Amino acid sequence: RSATVYDEGAYPYHGWAMLVHGWRPFADFHMKLIPLVHLLYGVPQLLLGPDMLLARYTAALFTALTVLVAASLARRLAGNWAAILLLALFVSNLEVAVRYYRSLCMAPTALFFTLALYWVLTSSTRSWQYYAASLATAALILCRHGMLPSAMVLWGYLWLEHRKMRPGAAWGAIGTGVAVLLAVSAYYYSLAPAHFAGVMLGGLIDPEAIVGGPYGSGTEPLSISGIAWYLMMAARAYTGPILLLAPALGAFVWRVSRDRDDLRDLCYRHRALLLLIGAAAANYIAHLAAIVLFNFRIYYMQDFYIFFPIAIVAAVSFVHVARSLNAPAVRAQYGALAVAAIAAQIWANGIPAELHGDGAEMKRISVGAEAISRIIPPDEYVFSLDDPHQFLQAGRLMHPLLTYQLFHFVDSDDTQRLLRSTHYYNKEILTRLLDDSRYAVISDGLLDWMVNSGRYDGGMQLQDAILAQLHRDFRLVETVEGAYMGPTRIYERRP
């Protein structure tokens with residue numbers, strides 16, 4: 001029912017195009033990640049046919065598996081009540097859940113993150129779990145290379161925990177995970193070395209390789225007010241875990257300061273919780289560093305990739321404190337605090353804006369897709385700047401260069417430089433692509449975005465140039481009312 005966004009169509013569309021039509025990431029089209037996520041969404045599209053709703057079902061499956069693994073880990077660490085509390089934290093938080101039920105990067109990334117944590121923390125003398133944990137850690141990076149700091153924490157814990165009993169197995173597992181990561185990276189590097197290096201290293205090796213840098217459209221000026229706002233938004237999203245962690249943190253400080261417990265011994269006994277905190281903190285600190293040093297979007301201070309480790313820590317810590325209370329009346333009051341924390345989380349987050357839509361976007365996608373598939377032959381490359389949702393649903397091909405909509409349009413006169421990059425374009429390149437196309441699809445929503453989004457100084461001139469060329473060289477075949485991005489026009493080149 002939730003509203004869709006550009007990324008939700010891009011991941012399954014690129015995965016489908018790679019598996020069905022042989023598109024090469026980094027070489028044929030821009031790729032901001034090593035494309036494991038795209039391939040995971042693409043496999044069902046290959047097996048069952050292209051379909052946007054199928055992509056959401058795939059995300060829901062990844063999310064259900066993640067919840068199952070996270071609840072199993074919480075149960076292993078603190079029993080049934082911890083698992084129940086973990087489930088309550090997720091189910092009652094629509095702000096987080098709505099992001100996991102859409103075909104975005106979060107669901108598959110969280111699955112491998114949680115699997116790696118589970119196998120690292122439950123492995124003892126079973127070597128296969130070392131290897132499973134290490135491979136899941138490698139897959140975590142292949143889903144999102146920004147998770148590298150968290151992966152380093154996971155590999156470091158795996159070695160520290162088993163370096164004395166099974167050092168050979170620990171090193172072998174870590175080496176295998178790193179080898180898989182390097183082998184996959186080497187393959188994609190070989191397809192387009194400059195572009196791959198530019199994306200993976202943020203343009204530090206060769207900034208000219210990617211016009212504007214791989215995250216050029218994601219930068220914004222740093223401000224204290226912006227940081228404060230998004231810190232509050234992050235705290236709101238994590239209301240439940242924060243409220244459950246507060247008494248555990250108080251108990252920890254109390255034991256260290258009053259009972260003179262040995263800090264090192266206390267940390268060792270709770271090393272599983274420290275791993276969960278460390279893996280989550282590593283990712284968050286990396287985001288903060290990118291925001292401060294590279295003007296990365298402040299929005300990413302709302303880090304939902306780390307929800308499950310934080311929720312597990314909150315649930316397990318709360319149960320540990322509850323068991324340390326002797327008086328039944330105090331335990332009952334403490335249990336009421338858990339209920340209050342869940343209620344506060346529901347109140348703080350409410351129903352996200354994404355769920356306030358009419359729930360008909362998937363129907364509108366199908367309306368547009370039906371017309372596209374009926375008019376346009378399967379092997380034609382279509383000129384379109386719309387989101388890829390309708391083209392996935394229709395099983396039709398956009399020009400690879402245009403699958404990032406207008407996000408890769410730049411106001412540049414250096415056409416040759418853009419052609420060398422192969423992944424950014426200006427008005428001249430758009431004109432050439434339109435000249436090479438037999439069909440074009442343009443929606444009113446895209447035309448409005450072009451002019452009124454505030455992203456393009458020459459938006460009106462760009463719109464006028466495209467419409468003039470369409471009217472001169474193409475005939476309007478059909479206007480599809482009720483399509484995904486508003487009335488959508490399908491054009492065919494004049495004879």
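**Setting up**

I note first that this is a predicted model, where local features need pLDDT of at least 70, side-chain atom pairs count only at pLDDT 80 or more, and totals for chains, interfaces and linings use all residues. Residues are numbered from 1 along each chain as its sequence is written, and side-chain values use heavy atoms, with hydrogens and water left out.

**Entry 1: aromatic pairs**

I looked up ring pairs first. My rule: rings of Phe, Tyr and Trp (its six-membered ring) pair if their centres lie within 6.5 Å; planes under 30 degrees apart are stacked, those over 60 are edge-to-face, and the rest are tilted. How many aromatic pairs does this rule give? The count is 22.

I picked Phe26 and Phe196 from these. Their ring centres are 5.1 Å apart and their planes stand at 70°, so I log the pair as edge-to-face. For the elements I use DSSP runs numbered from the N terminus: helices are H or I with at least four residues, strands are E with at least two. The pair links distant parts of the chain, with Phe26 in the loop between α1 (6–21) and α2 (36–48) and Phe196 in helix α10 (residues 193–200), 170 residues apart.

Are these two buried or exposed? My scale calls a residue buried under 20% relative accessible area, exposed over 50% and partly exposed in between (1.4 Å probe, protein chains only). Both Phe26 and Phe196 are buried.

Next I checked Phe90 and Tyr100. Here the ring centres lie 6.2 Å apart with planes at 80°, so this pair is edge-to-face. Phe90 belongs to helix α4 (residues 80–91) and Tyr100 to helix α5 (residues 94–100), 10 residues apart. Phe90 has 2% relative accessibility and counts as buried; Tyr100, at 0%, counts as buried too.

**Entry 2: a charge over a ring**

I looked for a charge over a ring, meaning NZ of Lys or CZ of Arg within 6 Å of the ring centre and within 35 degrees of the ring normal. I found Arg163 over the face of Trp159, at 5.8 Å from the ring centre.

**Entry 3: a nonpolar patch**

Which residues make the nonpolar surface patch? They are Leu19, Val20, Val43, Leu46, Leu47 and Leu48, and the patch covers about 550 Å². Patch members have over 30% relative accessible area and no salt bridge; like charges are joined within 9 Å, nonpolar side chains (Val, Leu, Ile, Met, Phe, Trp, Tyr) within 5 Å. A salt bridge here is a side-chain nitrogen of Lys or Arg within 4 Å of a carboxyl oxygen of Asp or Glu. Areas come from the Shrake-Rupley method with a 1.4 Å probe; for residues, only the protein chains shown count as cover.

Helices α1 and α2 each supply at least two residues of the patch, and α2 gives the most, with four. I checked Leu46 in helix α2; Leu46 is partly exposed, with a relative accessible area of 43%.

**Entry 4: the sheet**

I then traced an open sheet of five strands, in the order β2-β1-β3-β5-β4 with mixed pairing. Strands pair if DSSP finds at least two bridges between them. At the edges stand β2 (397–398) and β4 (474–480), each with a single partner strand, so one side of each has no neighbour in the sheet.

Strand β1 (residues 381–384) pairs with β3 (residues 439–443) in the parallel sense over two bridges. Phe383 stands opposite Ala440, and Ser384 opposite Val441. On the other partner, β3 and β5 (residues 488–493) run antiparallel and are joined by five bridges, with Ala440 opposite Tyr491.

Why do I call β3 largely enclosed by the rest of the structure? Because five of its five residues are buried. Tyr439, Val441 and Ser443 cover one side, Ala440 and Ile442 the other.

**Entry 5: backbone details**

I came back to Phe26, where phi is near 75°, a positive value in a residue other than glycine. Its relative accessible area is 0%. Gln405 also has a positive phi, about 55°, although it is not a glycine. Gln405 sits in the loop between β2 and α19 (415–421) and is buried at 5%.

Last, I took a distance: the C-alpha atoms of Gly15 and Ser257 are separated by 54 Å, and the two are 242 residues apart along the chain. Gly15 is in helix α1 and is buried, with a relative accessible area of 0%.
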